[in-house]
Amino acid sequence: MTNKAFIQFTSLLGACILVSVALSFTMPLRGQENEDIYLPLISKPGTENQQTITYTQDDSIFPNPERGLFDQNAPLWRDDQMWVQDMSGLREQNVTLIRLYFLIDEFIDRPISDEALTTIEANFTAAREAGVKVIPRFAYNFPEENYQDAVDANLETILAHLDQLEPIFERNSDVIAYMNLGFIGAWGEWHSSSNNHVDDENGRQVNDNTRAIVDKIFEVLPETRMATLRYPIYKQQLYGNDPLPMGAEVFSGSQKARMGALNDCFLASDTDFGTYPSSAQADREAIKDYLNADNLYVPMGGETCNADERAQPFIGCDNAKAELERMRWSALHNGYLVDVLDQWRQEGCFEEIEARLGYRFRLIDGTFPTNATAGESLSIELDMRNDGYASLYNPRAVELILRNSSDNSVVKLPLNYDPRFWQPGVTSELKIQVNLPAEMAAGTYQILLNLPDPETTLRDNPNYSIRLANQGAWEAETGYNDLLASVEVERGASRQTITYVEETSSFSNPERGYFDQTAVLWLDDAKFVLDMSDYQAQNISILRLYFVIDEFLNGPIDADTLEVIEGNFAEARQSGVKLIPRFTYNFPNNDTFPDAVDADIARTLGHIEQLAPILQQNSDVIAYFELGFVGAWGEWHSSSNNHVVDTEDGRMLTDSARAIVSNLLEALPQERAVVIRQPALKQQLYGTEPLSAGEGFNQSDKARTGAMNDCFLASSTDFGTYRPFETQADIEAYKDYLSADNLYLPMGGETCNADERAEPYTGCDNALQELERMRWSALNSISNGVIERWKTEGCYDEIGQRLGYRFVLEQGAFPLSGQQGEPFSFELKLRNKGFAAPYNARGFELIMRHKTSGEIVALDLSSDPRRWLPGQSSNLNLTVTLPADMRPGEYDLLLNLPDPAASLRNNPNYSIQLANQDMWEAQTGFNALQVSVLVD
């Protein structure tokens with residue numbers, strides 16, 4: 001890029017550049033003839049209890065969080081000059097973002113000083129006080145000429161500096177908009193690296209240093225925050241050529257989903273001074289198409305840098321606006337390059353660009369009821385258009401606000417919408433349905449919309465709430481947007497509230513608990529179909545079956561054996577249990593396991609291909625699948641074919657092991673998970689970050705690979721489960737990883753040792769703590785010294801009850817009556833007292849059973865039991881619409897949590913029993929809510 005002038009710090013320059021503009025501008029927005037005209041048009045079509053409002057557009061320039069023109073400064077500068085930047089006047093200039101260069105050149109060979117760290121944090125504090133957010137960039141140089149000679153730090157120093165910065169990022173994530181991926185090269189712009197952190201000589205290539213720095217930045221940057229990268233080719237090299245899809249990976253917390261784009265030479269030349277390839281126009285267009293798709297879900301920001309003859313074909317208003325829209329720009333530097341910005345002013349598009357950077361949400365119309373009843377549902381429809389260039393990139397809350405006109409008391413009702421999906425150029429139809437609190441006072445309520453920052457430190461600060469581009473809507477003192485409608489709320493009929501009594505006994509529930517173990521294919525060609533008919537009576541709902549296929553080491557599995565395998569799945573279905581299958585080529589005793597033999601890669605993959613049809617056809621009775629086949633007992637160690645190998649750095653996967661994992665996941669139905677023996681092996685497959693809430697259940701390979709520990713509490717390392725295990729800190733790091741990852745996955749296994757090495761760990765207190773921390777779902781009940789110790793110390797039954805989920809209904813609030821064809825709303829408070837959450841999909845239904853005829857009405861409820869997390873209470877505000885042709889009369893209310901598989905849906909053995917007294921109906925699988933309602 002070209003030589004850059006010294007950073008413009010002065011407030012005078014910022015004030016000159018950012019004149020507050022309230023004029024109309026050329027963009028696809030309706031014009032404004034009279035600023036005093038903002039009253040909505042109101043009509044009442046179709047029904048007397050409804051009002052429709054058409055909103056008037058606001059064309060003025062105003063500040064909104066995390067978007068728009070940004071200011072820039074360098075509060076750490078050369079020669080140890082450090083200060084806290086005055087940001088107090090930025091919002092008055094319609095600026096809500098500031099890019100702060102932290103120039104850490106004096107620390108290029110040593111730790112960042114405490115003084116510098118204090119100054120860095122003080123700047124974040126100043127941003128919070130000023131109502132703005134920060135785009136941090138760290139650099140080891142800021143050359144004014146000869147940028148090719150700029151010097152950056154070595155890898156070890158960069159990683160150490162990032163460790164120092166991590167606590168600051170964590171404490172101040174609320175005011176980080178996103179981060180520029182600095183540190184490398186001239187100006188921290190990822191070129192001209194003196195330490196070869198990127199390879200400039202061969203067409204811009206990432207290398208091992210690059211990857212290490214990226215990994216560390218995403219490790220220390222809070223998971224909710226993104227970073228932007230200077231050259232799009234780097235992102236493609238890191239994560240592949242495909243842009244982010246409109247699917248599970250978006251906002252998942254993965255590195256790819258958190259990596260946005262930075263262009264600090266926008267429109268400077270045909271390649272934006274090397275931002276795009278110089279090879280051919282088609283190559284540049286392909287990169288721009290990639291950014292067009294990718295930037296729907298990540299930030300795009302930067303600056304212009306050149307206005308000479310090379311830029312002239314590109315910087316004119318028509319092309320600039322087209323490129324800003326195509327690349328979905330969110331943020332642009334307001335002070336560089338002034339010549340380009342001035343040209344936009346002269347050509348008349350500057351104000352339009354200023355207004356459309358990032359999102360610009362505008363209401364088109366809305367439909368509201370004029371009357372509502374406390375304790376019942378309220379339905380609203382809004383058409384919301386995004387006139388901006390981009391989407392939101394950070395999480396954002398949405399609330400419906402009802403404010404009492406008499407006393408200004410406020411009712412806040414969270415809405416289940418993610419504004420990050422209100423995409424540019426698109427009108428989103430919002431169909432809002434909320435339950436009004438039963439205790440809500442009668443009166444007239446003003447209806448408002450609030451889009452606050454979800455961070456608790458900023459949630460009540462109106463500077464961080466989003467303003468809609470509509471006249472007469474914005475309330476600066478509250479941060480609310482007035483929807484210019486009101487509703488008359490009446491006191492509803494009294495509701496019935498029930499407090500439920502917990503059941504403390506043990507009972508079976510699907511896919512969790514103590515499991516039994518049997519080998520139905522055994523050594524020397526012994527094979528049989530196991531009789532599983534007694535398991536339900538023993539409170540066992542889950543069974544690990546070993547299939548020892550040693551006789552097929554050198555050939556395909558024969559038809560007779562395949563028939564026996566499938567016969568065991570059929571028997572499980574008949575008996576009301578589910579299976580944890582494991583296939584292994586050996587079952588040695590404890591002395592001979594190092595000599596165990598497994599199959600080569602070709603034979604293993606062939607067997608998996610043979611088993612795929614059985615696994616697919618019987619997925620309904622697979623709880624989860626243990627990644628067997630490899631090593632002794634199929635436990636992924638002692639592999640005679642080196643599918644896994646032991647090294648000084650721990651147990652390592654080879655290419656053949658990766659192929660086995662990939663083929664197994666492909667052979668299994670997508671809704672089923674596998675478990676792997678060591679957490680280090682999963683980290684080798686998918687990286688060291690545990691699953692985020694967004695990744696949970698997205699059916700990616702990472703989201704389908706859980707954990708297995710077949711030597712739980714056996715020693716300080718669980719006999720090598722935690723490898724490498726140089727220090728206790730390493731072991732604790734693995735356990736922290738599992739604690740987070742297993743929120744969305746199965747965790748199972750067994751104990752294996754009770755000698756003096758296990759003695760400090762197998763006692764009840766530690767066992768309960770570790771089972772809870774690691775979120776265990778299933779544990780082998782085979783009698784051994786550990787199990788017997790638990791029985792002696794008195795925790796065996798508690799462990800059995802808490803393995804997996806254990807849902808206790810605490811309270812419910814229901815209306816006394818319902819009406820055909822109308823919404824029916826009720827509330828439940830439910831607590832998960834188990835160690836874990838369900839890991840497989842689960843239905844959730846309200847059952848209404850007619851007291852006289854016994855007729856059943858089943859209504860789907862919008863809550864996923866897999867999200868009812870262990871140790872937490874879930875407050876479920878539920879609404880269903882009663883069928884218009886529903887038989888009038890009195891109905892008992894029940895809950896049903898059935899297996900979603902069609903083959904099991906009506907089998908009560910596969911429905912979840914709540915841990916409450918006098919609720920379970922064993923013959924139906926329903927849980928009686930102990931309440932009835934009248935439907936007319």
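"Buried" means under 20% relative accessible area, "exposed" means over 50%, and "partly exposed" sits in between (1.4 Å probe, protein chains only). All the views show a predicted model, where local features need pLDDT of at least 70, side-chain atom pairs count only at pLDDT 80 or more, and totals for chains, interfaces and linings use all residues. Residues are numbered from 1 along each chain as its sequence is written, and side-chain values use heavy atoms, with hydrogens and water left out.

**View 1. The buried face of helix α15 (residues 764–774).** Helices (H or I, at least four residues) and strands (E, at least two) are DSSP runs, numbered from the N terminus. In α15, the buried residues are Cys764, Ala767, Leu768, Glu770, Leu771 and Met774. Look down the helix axis and these residues fall within an arc of 170° (taken from the directions from the axis to the C-beta atoms), so they line one face of α15. They pack against α14 (728–741), β33 (747–749), α16 (785–793) and α17 (796–802); contact here means heavy atoms within 4.5 Å.

**View 2. A cis peptide bond between Tyr336 and Leu337.** Omega is about 0° for this bond. Leu337 belongs to the loop between β13 (331–333) and α8 (338–347).

**View 3. Trp187, a non-glycine residue with a positive phi.** Its phi is about 55°. You'll find Trp187 in the loop between β7 (179–180) and β8 (198–199). Trp187 counts as buried because its relative accessibility is 0%.

**View 4. Asn642, not a glycine, with a positive phi of about 55°.** Asn642 lies in the loop between β28 (625–626) and β29 (644–647). With a relative accessible area of 47%, Asn642 is partly exposed.
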